[in-house]
Number of protein chains: 2
Amino acid sequence: MSLVVVGSIAFDSVETPSGRADDILGGSATYFAYAASFFTAVRLVGVVGTDFPPAYRDLLESRDIDLAGLEVAEGRTFRWSGAYADDMNTRTTRSVDLNVFGEFDPKVPEAFRDSELVFLANGSPQVQLRVLDQITRPRLTVADTMNLWIETTRDQTLELMRRVDGMVLNDEEAVMLTGRRNLVAAGRRVLAMGPKFVVVKKGEHGSFLVTPTGVAALPAYPTDRVVDPTGAGDSFAGGMMGYLATQPVFDEPRLRKAIAYGTMVASFNVEDFSLNRLQEITREDIDRRLAEYTAMLAV
Amino acid sequence: MSLVVVGSIAFDSVETPSGRADDILGGSATYFAYAASFFTAVRLVGVVGTDFPPAYRDLLESRDIDLAGLEVAEGRTFRWSGAYADDMNTRTTRSVDLNVFGEFDPKVPEAFRDSELVFLANGSPQVQLRVLDQITRPRLTVADTMNLWIETTRDQTLELMRRVDGMVLNDEEAVMLTGRRNLVAAGRRVLAMGPKFVVVKKGEHGSFLVTPTGVAALPAYPTDRVVDPTGAGDSFAGGMMGYLATQPVFDEPRLRKAIAYGTMVASFNVEDFSLNRLQEITREDIDRRLAEYTAMLAV
């Protein structure tokens, strides 16, 4: 089934306990699309500046990522700079230059409007809602958000949650949205706000899937090879949605399997900066790691 | 196989976001022994004061817990008082009255010296080592510890680790012992210090099993029914060791299954104060929850 992602494309400068890298390819839509491309073709809607190199377009297109929705605007591409603390969990933003992304008003190309799966990567809920309005008849819509939007545009975030099928949140966002400190309780509360399922991501501690039939917990892939956590959440979502795009229905067992695939792709992604590690691996590597993960969970 | 536990028996006064309870039965050996009793007979070595009520002896003996090693010393039983913060993770100790436990010098009864499985609940490593010296030929020895001993008696803690087969640590202790912030790396480092396996407990986030063949991550049972986390770690260890006592060998798949059983027993234990919830359930309830957990992990 067709899958579209709307989100950011960025140049990141990242410092982690393992090293640093400057002006590397990043952004939520970038990580998502590359991750999903292990499973299916992807349609990308985003914006870059005139400084975006043709080589990066080629890289994405070589993965069957359709860039018909990639707007090139006069100016510079979004730039983000940040650093991770020793525990790799705490992230400090050093600078944000929205540049052309600041005025981003996504226009879904005519050819993408029939997309069956839609992923709304982190963005203002107003922009996310405008994207939804342009999709004719989606079969599965999933949105990400962030603390900024929950704080500053709570009403629109709640409206978004009533309109999508699934939400992907991290632990902090789930607590902030619901006021519940227990993440299972928080996930259940989010479900009561509209979506049919919620994924609560806990970074190195794995994730919860909350559906009307119950709660499932899945651990992260246990590894000490963490070079750069940037893009972990988006590559997780990409693996998850990419797998779902290959499935006839989106029932609870398939959602769990999708989360397992997302967990595997994210576990590769954090092993190097930018898309470097994902460029080294194949679908077979992902399936091999999933088999290892599945064996580990057979108790 | 025969299983002996050496640890504390206490009266706890606990305040949690769900309520408070005063002078309730607690202590590491108590929680461990009761949890293990769902699987096997248990031998207990500990000390209580003359204030320890016969009804509690009867309760433990009714579970096939052999109290031949329970010393009754002149004075009062160990008392602990503490409170949990809203997130149920941060615990503040309000008072500790060691009482008769302060002079505890465990004497393993003659009839317990042939014990095949040994669990050394949290205590000073000197005391734990003295217990080990009294066991003739153990087949599996596992120890718990705490930050206090790692800080104040590091050398003896390291000696203990060279002498036991397995360590059960929480995340904070693993980091403190090794200086590694990544828990997989910390677990591997602990393994290099002597034991054949290490379980790193992460509370609501589950646990890692680290063995020479690899690392397995298992999530906690996802629940929002947490009344009192006291005894979670010891009931986890009790379920784990109780299950292992029924097995012919202690290979990696059995260790994982043992951890899954420990996780289930702990998940019941936190649903009420003291042993209240464990007193309501049967082995069948544990197996039913394990089946649910296993299904959740089938990805």
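Mentor: Angles under 35 degrees count as roughly parallel, over 145 as roughly antiparallel, 65 to 115 as roughly perpendicular, and the rest as oblique. This is a predicted model, in which local features need pLDDT of at least 70 and side-chain atom pairs count only at pLDDT 80 or more, while totals for chains, interfaces and linings use all residues. Residues are numbered from 1 along each chain as its sequence is written, and chains are lettered from A in the order in which they are written.

In chain A, helix 8 (residues 232–244) packs against helix 9 (residues 252–269) at an angle of about 140°, their axes being 7 Å apart; the two helices of chain A are therefore oblique to each other. Helices here are DSSP runs (H or I, at least four residues) and strands likewise (E, at least two), and axes are lines fitted to C-alpha atoms over the stretch in contact, with angles from 0 to 180 degrees between N-to-C directions. Residues of helix 8 of chain A, among them Phe236(A), Met240(A) and Tyr243(A), meet residues of helix 9 of chain A, including Ala258(A), Tyr261(A) and Val265(A), where contact means C-beta atoms, placed from the backbone, within 7 Å. By class, this contact between helix 8 and helix 9 of chain A has twelve nonpolar, six polar and two charged residues.

The contact between the chains takes 27 residues from chain A and 28 residues from chain B.

Note on methods: Contact = placed C-beta atoms within 7 Å. Nonpolar A, V, L, I, M, F, W, Y, C, P; charged D, E, K, R; others polar.
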